[in-house]
Amino acid sequence: MDAVIRTEGLTKTYGRRSRGVEDVNLEVNEGEVFGFLGPNGAGKTTTIRTLLNFLHPTGGRAEVFGMDSRRESVAIRERVGNLPGEFSLEDRMTGERLLRFFARLRGVEDLSYAHELAGRLGADLRRPMRRLSRGNKQKIGLILAMFHRPPLLILDEPTGGLDPLVQEEFLEIIAETKAEGRTIFFSSHVLSEVERVSDRVGIIRDGRLVTVETTDALVNKSFRHVSLTFAEPVDAGPFAALPGVEELKSDGANITFTLHDNLDEVVKLAAKGRLVGMDYERPSLEEIFLAYYVHEGEVEER
Amino acid sequence: MPLFAHVLRLQLRSVSLWGLALGLLNLITVASFPAVEDQSQVFNDLVESFPPEVRNLFGISEGTDLTTIEGFLAAQTFNFIAPLALAFFPILASASALAGAEERGAMDVLLGNPLPRWQLVVGNFLATAVSLLGILAILGLFTWAPAKLMDIDLSLGRTAEAVLNMWPLCVSLGSLAMLCSAVFHRRVLAVAIPGAVLVAMYFVNALGNTVEGLEDARPFTVFYHYGSAIENGVDWPSFVGVTLAALLLLLLAALAFNRRDIYT
């Protein structure tokens, strides 16, 4: 698979006080959905703006479709649909007029897909922007990013302001886009949607890319929530003493904890009592994400 | 071209408002001329009694005859309030085009399209320059038509020259605003700097005749090259020179905008 996006040591600093991103090495392959995770201020938007040449890197380089992000920016943007994280549209213009303007800029004549998207997302193209709510403006932004069927979609927080039904429709559109072999790179802090549609996930923290994994691998290799219920009260001490057991809570016959890579010993210890119930749950991507933040933070503090 | 048409369309309402506002000012000026004409000698004597610094500040140059419609219009609008006010149209438009769009968060939506940055600068500039011609056309109409209706002897050609003469002056200030808009990230600076330069140039040119030390600076002001087209016709070498200066500033704006970060 060819890399559609490739960054090597990509660094963007805004002077001494503000960090931006540092030494980001990232590859996004053709046809995949890549979720770019991080809280506000982590560097997601800076990375995206550098890819599109709104920001010039202070170190390293970025390529999109094998083209240099600085020198061949216009050619890159011909093949990219972009939804910025926070944006405003001309207040007095209707969605239809904006759409026609963008179509002229791109030399697109057929707007049937744009109108199909508007119908599916419930976007009103006839009202001026100033009369639209944030969610409805977001729909127009999504249509403007996608109407020309670009081979790469770069979407910064695409579901912000959308109601749950529209979010569902949007995720459906993303799935269809992927099925057409197109690539989607999107940032989000709504982890449930990233988990649903992403093939791979990158987590960025304080400007540094801390991990890139397939979504399944990230979830599978992380901790599990374990809940044990015994027929009679048991001593929780031996469970707490096992390596990999954390955040243990005991309530007589019930013991709950998170477990890192030591299932065998837990099962053998539990079998010594009369076990009447056991839950073994994988965490949500959100919890994994938070764990990355907490653990990385602890390491730094040490 | 799509960007040019887009900006032009967005500016249509502003063109009407600016044209009507300045046009009404000229309409009132022309309408009041017959009353002034009856008291022409009193007016000329009054103006003669002013110190030259004050006469220059109000756009009344040596030889301006307030008893003619051309001299009256020169003193009341064309050499004073009209260029000073109208220059703010391209200043505001240019400040809004880059720094303003960035502040509003409208820049990355637009530049997400395959649009080179220089086209954003040039497209906005050209649309503003054409819009300015629209305002000037309305202004000219509101100057010449009432004169015609009131049987005041004002030629259409001279009126056209008078309004056209404001174009390079305004465009050059618009280019300066575009440069500030390209360099700075804040709209207020892109308005304040050219606004201050405009006023400073007016004072330097007006007082340069009489205040020692300012005389040498006058050629560097746009008003020095402005002249008084309503009285003497357009000074075409100056017209072309100021237009070329505007294009130079535009080139610098395009280069600066190409080099800088958008959003920091």
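The 40 positive and 49 negative charges of chain A have mean positions 8 Å apart. Here Lys and Arg count as positive and Asp and Glu as negative, with His and the chain ends not counted, and each charge is placed at NZ of Lys, CZ of Arg, CG of Asp or CD of Glu. In chain B, 12 positive and 20 negative side chains are present, and the centres of the two sets are separated by 18 Å. The model is predicted: local features need pLDDT of at least 70, side-chain atom pairs count only at pLDDT 80 or more, and totals for chains, interfaces and linings use all residues. Residues are numbered from 1 along each chain as its sequence is written, chains are lettered from A and ligands numbered from 1 in the order in which they are written, and side-chain values use heavy atoms, with hydrogens and water left out.

Chain A contains 11 helices and 14 strands, assigned as DSSP runs numbered from the N terminus (helices, H or I, at least four residues; strands, E, at least two). Its C-alpha atoms occupy a box of roughly 75 × 40 × 35 Å along the principal axes. Of the 302 residues in chain A, 53% are buried, where buried denotes under 20% relative accessible area, exposed over 50%, and partly exposed in between (1.4 Å probe, protein chains only). Among contacts (heavy atoms within 4.5 Å) in chain A with a separation of 6 or more, 68% involve residues 24 or more positions apart. The accessible surface of chain A is about 14100 Å², with 45% belonging to carbon and sulfur atoms; such areas derive from the Shrake-Rupley method with a 1.4 Å probe, and for residues only the protein chains shown count as cover.

Chain B comprises 13 helices and zero strands. The radius of gyration of chain B is 20 Å, close to the 18 Å given by the globule rule for 264 residues, so chain B is as compact as a globular protein of that length; this radius is taken over C-alpha atoms, and the rule is 2.2 Å times the number of residues to the power 0.38. The C-alpha trace of chain B spans about 65 × 45 × 30 Å along its principal axes. Buried residues account for 52% of the 264 in chain B. Of the contacts in chain B between residues at least 6 apart in sequence, 79% join residues at least 24 apart. Chain B exposes about 11500 Å², of which carbon and sulfur atoms supply 67%.

Within chain B, helix α4 (residues 69–78) is mostly covered, with eight of its 10 residues buried. Among them are B:Ile69, B:Phe72, B:Leu73 and B:Phe78. The buried residues of α4(B) pack against α1 (2–38), α5 (81–86), α8 (117–149), α9 (156–164), α10 (166–183) and α12 of chain B.

B:Asn209 lies in the loop between α11 (187–208) and α12 (229–232) of chain B. With 46% relative accessibility, B:Asn209 counts as partly exposed. Apart from neighbours within four places in sequence, B:Asn209 is in contact with B:Asn56, B:Glu215 and B:Arg218.

At the interface, 26 residues of chain B are in contact with 26 residues of chain A. The two chains, B and A, bury about 2500 Å² between them, 57% of it on carbon and sulfur atoms; buried area is the accessible area (1.4 Å probe) that two parts lose on being put together, summed over both. In chain B, the most area is lost to chain A by B:Leu10, B:Val109 and B:Pro114, together 23% of what that side buries.
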